[in-house]
Amino acid sequence: MHPLTLLGTLLQDDFRGAGMLFGAGLLFFLLLGAALYAYMAICFMKIAEKTNTPNGWWAWIPILNVLLMLAIARKPLWWILLMLIPLVNIVIAIIVLVGVCEARGKSGLLVIGFFVPLVNLI
C-alpha cells in the first residue's frame with residue numbers, strides 16, 4: 001500500500017472519530033438543555049397553580065412563558081417589550097422575579113439566589 005494512501009485512511013478514521021465525539025457531545029448538551037427546560041417549565045406551572053394564575057401550560061411555550069411570568073408577578077403585559085431592550089431587560093427581569101417571589105408570599109431577596117449558579121435550580 002502506498003504511504004499516502006495509508007496516511008489518508010488514518011486521517012479519515014481520525015475525522016470520523018472526532019465527528020462521532022462531537023455528535024455525542026452535541027446530543028448530551030441537547031438532552032441536558034431539554035431536561036433543564038422541562039424542569040423550569042414544570043416549576044413555572046407549579047408556581048402558576050399556587051398563585052391561581054390561569055394558563056399555567058404557557059410555561060412550555062417559549063414566549064408565552066415570559067407572559068406567564070408577568071401574569072404571576074402581576075405586572076403589565078406590555079413589559080415584554082422592555083424585555084427586548086438590552087440591559088433594560090436585566091432590570092425588568094429582576095423586578096419581575098421579585099414580583100413572582102412576592103406573589104408566592106416569599107421575600108424578594110430570594111432573587112439573589114437566582115443569580116448564584118446551581119442554587120437557582122433549587
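1. Helices here are DSSP runs of H or I with at least four residues, numbered from the N terminus. On that basis the protein chain, in this predicted model, reads α-α-α-α-α along its sequence. The count is five helices and zero strands.

2. The protein chain has a mean pLDDT of 85, and 84% of its residues reach 70 or more. Among the helices, H2 (residues 64-72) has the highest confidence, with a mean of 93. The lowest is found in helix H5 (residues 111-114), where the mean is 78.

3. H2 also takes part in a helix packing. Its partner is helix H4 (residues 88-103), and the two axes lie 8 Å apart at an angle of about 55 degrees. Angles from 65 to 115 degrees count as roughly perpendicular and those under 35 as roughly parallel, so H2 is oblique to H4. The crossing of H2 and H4 is left-handed.

4. Which residues of H2 and H4 make the contact? From H2 they are Met69, Leu70 and Ile72; from H4 they are Val96, Leu97, Val100 and Ala103. Sorted by type, the residues of this contact between H2 and H4 are seven nonpolar, no polar and no charged.

5. Two figures describe the protein chain as a whole. It has 122 residues, of which 19% count as buried. Of the contacts in the protein chain with a separation of 6 or more, 27% join residues 24 or more positions apart.

Methods. Residues numbered from 1 in each chain as written. Predicted model: local features only at pLDDT ≥ 70, side-chain atom pairs only at ≥ 80, totals over all residues. Heavy atoms only, no water. pLDDT = per-residue confidence, 0-100. Helix = DSSP H or I, 4+ residues; strand = E, 2+ residues; numbered from the N terminus. Axes fitted to C-alpha atoms, helices over the stretch in contact; angles between N-to-C directions. Parallel < 35°, antiparallel > 145°, perpendicular 65-115°, else oblique. Left-handed = near helix turned anticlockwise from the far one by under 90°. Contact = heavy atoms within 4.5 Å. Nonpolar A, V, L, I, M, F, W, Y, C, P; charged D, E, K, R; others polar. Buried < 20%, exposed > 50% of the residue type's maximum accessible area, 1.4 Å probe, protein only.
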